[in-house]
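The following exercises concern a predicted model. Each task is followed by a solution in steps.

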Amino acid sequence: MRGGATVSSNRIRRLLLGLALGACAAAGVTALRSLDGVARAQVAPAAPSAAPTPAPRGPDPTGAATGTAADVPVKDAAHPTLVEVMDTVGHNRIAINIVWTLFTGFLVMFMQAGFAMVETGFTRAKNAAHTMSMNFMVYPIGMLGYWICGFALQMGGVGGVASLGGTAPLSHEFAITLFGKTFGLFGTTGFFMGSDVYDVGVFTLFLFQMVFMDTTVTIPTGAMAERWKWASFLIYGFFMSMVVYPLFANWVWGAGWLSQLGANFGLGHGHVDFAGSSVVHMVGGVAALAGAMVLGPRLGKYTKDGKPVAIPGHHIPMAIVGTFILAFGWFGFNPGSTLSGTDLRIGVVATNTMLASAGGALTAMIYMLWKFGKPDPSMMANGMLAGLVAITAPCAFVTAPAAVLIGAISGVLVCASVFFVEGRLKVDDPVGAISVHGVNGAWGVLALGLFADGKYGDGWNGVPGTVTGLLYGDPRQFLAQCIGTLTCFVFVFAAFYGFFKLVDVVVGNRVSAETEIAGLDLPEMGALAYPEFGLSASSTGWSGLGAAGSGAPAPLPVNAAQPARST
Amino acid sequence: MKKVEAVVRPHLLEAVKAALQEIGVVGMTVMEVKGFGRQKGHTETYRGSEYHVDFLPKVKLEVALPDELVEKAIQAVVASACTGKFGDGKVFVSPLEEAVRIRTGERGEDAL
């Protein structure tokens, strides 16, 4: 087009006109052809005799003519039977559900990147390779643990997941009978995804449930970052994915006893958790609490008189991008939990999800601004995640104003909880995982018991009628939510407190003080995250340690001699 | 010969450099430094916990000058680096015993 300047403007105009006319003519011909195609397809069934090969169709730029009766597989095109048509409709319905479930599962898988960035951004540069590596290895460790037995324990007795075509093989739940009622405890089919469960629906369910489980496994890595020994972390990854998560998830989602509270004892629909405020987030948050308690605070986190000291994260932009990745992944997390793209409640679910995230981010920002005079980017990010965690259970059951309110409350709750955990409990949680996932996970399932508006969930957990919260007239649903929340806390805390205490004796949970001060990257991982950048005093721990004293840099040996464990 | 060291605000480095070049300074060495003066840094909060920022980022320029340029250089730095607020920095002047141009072996003011 360089010669364009020499062409007269008249010629250009004529050229353009010609091109436009040509394009119109081409489009017109295509449209006619398409119409022709539609007509042919419509008359085809009525045509008297066989026309086995459909006429080749031209390009269809608008898509209006793509997908017609000619695309329905029938034996005799002239005489399609109702069963043949119904088969195609049914197949397509399940196909939409499976594609939807897989696609949203892929979005949830990407949340691993979000977690990695949030946790690494909120911690120091000297531990960046270690924090990233934990977030990386939870994926393979969690997945294989879940493949070995986690999935079987969780979903092996779920029975038919109708939206995925029945998942018939998942039919065995180990249950005990108490007071004449059955209490499902764990499933017993699907170990190693063997030939007994070689089924498209089951495989789809595995992928989707696996990425959820992996979200749980990665939550404690944030609370325990910057001091957790690699060996202990590896054992933890298997324990979470093979035992603790699958059991609690079975009780809520796999036809276990918490889901049976409604059918057995008339408590609403039993413990209802749409996408995992309790199953995924609270389990992770409570495990994080137990782990961080056993591990003890980072060196220099508390002054001698117990005042918490700020240890700023090294990369706020990374943490903010990670938060956005998580918020994006949540569009898979919540809407995908229908396991069905034909359940159009997904429109409500997705919108409630984003509304709550906005509520959480805004109130957290306002709260910090009001309290400290500055908005604090790390708490803004925590606020958005808190809103997302809280709406995860109730997203399908509440109105838009309730979603905003649930999110808004979670934004304040997460700030108050961070101060409480750090200031009162003296538990050091560098990224706020206990507050974001544990506290707001509990708030989410309780909020469902309060705000469920009775419009959705007919037949949920085998109980007729819709899911209705306390404020809409069903206090028994709220009671079921309370039982689920309490069970989650007691079971998960006991399991992990005992587990970490045991690991402490056998292999040890915590790196040496020297390793912690130098940064875990080289001693634990053998690789620095940023080998070409000089690490500043704050990133190597001097500033943080110094701040622990009166403000003047304290000599290293004094701080290094601080007790490594608080418990 | 004198060595003039100036600790200035990082964002004013370009202005100081231009001012020095204008009076005939032909070379300088610059480094990123941290430090504090009478204000002793300041306090910030992160996730609700206070922390003290002792060392504020500054830029330090070093120039080696013949004696007659020193006063002009001081005035150029002060004029270009002054905002009138706390944290503008300092200028230090000290005697310089020797200078050597490595490429040619020249010494003294010839090497500057």
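**Exercise 1.** How many residues lie between E3(B) and E4(B) in their hairpin, and which residue in the turn has a positive phi?

*Solution.* Begin with the pairing: strand E3 (residues 42-46) of chain B and strand E4 (residues 49-53) of chain B run antiparallel and share five bridges. Within this pair, B:His42 is placed opposite B:Val53 of E4(B). Turning to the connection, two residues separate the strands of the hairpin.

**Exercise 2.** Determine which elements of chain A give two or more residues to the side that touches chain B.

*Solution.* The contact involves 13 residues from chain A and nine residues from chain B. On the chain A side, the elements that qualify are helix H10 (377-392) and helix H11 (400-424). H11(A) provides the largest share, three residues. Classified by type, this side of chain A comprises nine nonpolar, two polar and two charged residues.

**Exercise 3.** Describe the nonpolar cores and the surroundings of A:Val283.

*Solution.* The largest nonpolar core contains 141 residues, and A:Val283 is among those with the most contacts inside it, together with A:Val244, A:Phe248, A:Ala364 and A:Ile406. Leaving aside residues up to four places away in sequence, A:Val283 touches A:Thr216, A:Val244, A:Tyr245, A:Phe248, A:Cys488 and A:Val492. A second, separate core has 16 residues, including B:Val8, B:Val16, B:Leu20 and B:Val59.

**Exercise 4.** State how chain A is divided into domains.

*Solution.* Chain A consists of domain 1 (25-69) and domain 2 (97-506) by assignment. The centres of these domains, taken over C-alpha atoms, are 50 Å apart.

How values were computed:
Residues numbered from 1 in each chain as written. Chains lettered and ligands numbered in written order. Predicted model: local features only at pLDDT ≥ 70, side-chain atom pairs only at ≥ 80, totals over all residues. Domains from an automatic or database assignment. Core = buried A, V, L, I, M, F, W, Y, C linked by C-beta atoms within 7 Å. Buried ≥ 20, exposed ≤ 12 C-beta atoms within 10 Å, placed from the backbone. Contact = placed C-beta atoms within 7 Å. Helix = DSSP H or I, 4+ residues; strand = E, 2+ residues; numbered from the N terminus. Nonpolar A, V, L, I, M, F, W, Y, C, P; charged D, E, K, R; others polar. Pairing = 2+ DSSP bridges.
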